[in-house]
Amino acid sequence: MNPSSLTADFIIQPGWIIPMEPGDEALEDHAILVESRKIKSVLPLEALPDNLDIERIELPNHAVLPGLVNAHGHAAMSLLRGFADDLPLMPWLEDHIWPAETAHVSEEFVRDGTSLAMAEMLLSGTTTFSDMYFFPEVVASLCAKSGMRAQLATPVFEFPTAWGEGADDYISKSLALRDDCKNMDRLQIAFGPHSPYTVSVPTLEKVALYAAELDMGVHIHLHETAGEVLSAVEATGERPVDSLRRMGLLGPRTQCVHMTSIGKQDIANLAETGAQVIHCPQSNMKLASGTCPVNDLKAAGVNVGLGTDGAASNNDLNMFNEMHTAALLAKLTASDPTVMPALQVLHMATLGAAKALGLDQEIGSIAPGKQADLIAVDLSAPATQPLYNPLSQIVYACTGGEVTHSWVAGDALMRDRKLLTIDLDDTLARAKHWKQKISSL
């Protein structure tokens, strides 16, 4: 090969590449060429001339894989981590979280809490996240500064909060933010109606209309507990999934979060409409909300992505921990150790989560033409040795601290465990300030 015929901005040369493309579980002796923010090619090392005048990042003890996609969370709630633990969902929300938010949520709260969340996510391998919280315009500016990719699901309620006066106000602000962010290629805006029990039918129908006209995603807590479903049936005669389908709100751009209390007909509705499911196993377990039947969903052809939920109910935003839990919970639930193998759970945290957010044509796998959203995971430590299968070590042995590098659209956001776009010392100091402020009440 003529060296002058091969161009790239830089080359990553790891021990293993995990592309998340069909047929290629782990590639050895290959390199990734990145050019103009995208993956140009994945080539065998023997195809690379030695005298190329291109920067090479050699990581012989690392696996490089797509950046992890945290498909559901409430980033600013990092400031409420550990604030109200060991409680059921509704008392946790109504007696503790919502009162604390009423007292404290502001632009400053969202800025400082989201910065903390972003630092945590980057340090544990997440490069894209979905956020459903107040003041999303503040999060948009933080994403622009940090370089992270995000879906911002703008909250919609019937009642006033720090960000809006009521349903029409929330929808109006959501549409305005969509216009403001239309030229920010790492951001997309979705509607975030909180849940069927906090948003009225007329408002949900209005959201469905706008979402269809503008091809926007809809991100909603759904079938989170058996009690929620029972209350809906008693009040309306319908299960929430049936209600959403009747309103035209269930489709490929609908992101159904939690889905712990579902039966065969619910799964059939999801499969027939192409709706997405986002699985948050650790939060569901901690709140004893139930278990999402991931094996049944996938068997029916429903795409499932993985999310952490907020740090107030998890209590971390670490997708490695979430993968580990998702795999073990699925095996326990099915009484079958062969279900949810490592490749499948890693798919839920990368390409599956990207698809749930409507981003699978851009990210989620290492393929020519996709955005260069990548992470490097060091597999040389005692906890990941001996190394028989890098996929197994990533899912079952890694804890997130093994991530040393991350790139989004080819831009380095972390190098050798050092964050390059977030001031970690300042972020931690602000978190301590909020702890003192919240504790003083």
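These legends walk through close-up views of a predicted model. Residues count from 1 along each chain as its sequence is written, and side-chain values rest on heavy atoms, without hydrogens or water. Local features need pLDDT of at least 70 and side-chain atom pairs pLDDT 80 or more, while totals for chains, interfaces and linings use all residues.

**View 1. Confidence along the chain.** The protein chain averages a pLDDT (the predictor's confidence in each residue, from 0 to 100) of 96, and 99% of the residues score at least 70. Confidence is highest in strand β6 (residues 68–70), at a mean of 99, and lowest in helix α1 (residues 89–104), at 89. Helices (H or I, at least four residues) and strands (E, at least two) are DSSP runs numbered from the N terminus.

**View 2. The annotated binding site.** An unreviewed UniProt entry places a "binding site" at His72, His74, His221 and Asp309; such annotations may be inferred rather than shown by experiment. These residues span 238 residues in sequence, yet no two of their C-alpha atoms are more than 12.0 Å apart, so they gather at one spot.

View 3. His221 sits in strand β10 (residues 218–222). With a relative accessible area of 4%, His221 is buried (under 20%, using a 1.4 Å probe and protein chains only). Beyond neighbours within four places in sequence, the contacts of His221 (heavy atoms within 4.5 Å) include His72, His74, Met132, His194 and His258.

Key. Buried means under 20% relative accessible area, exposed over 50%, partly exposed in between (1.4 Å probe, protein chains only).
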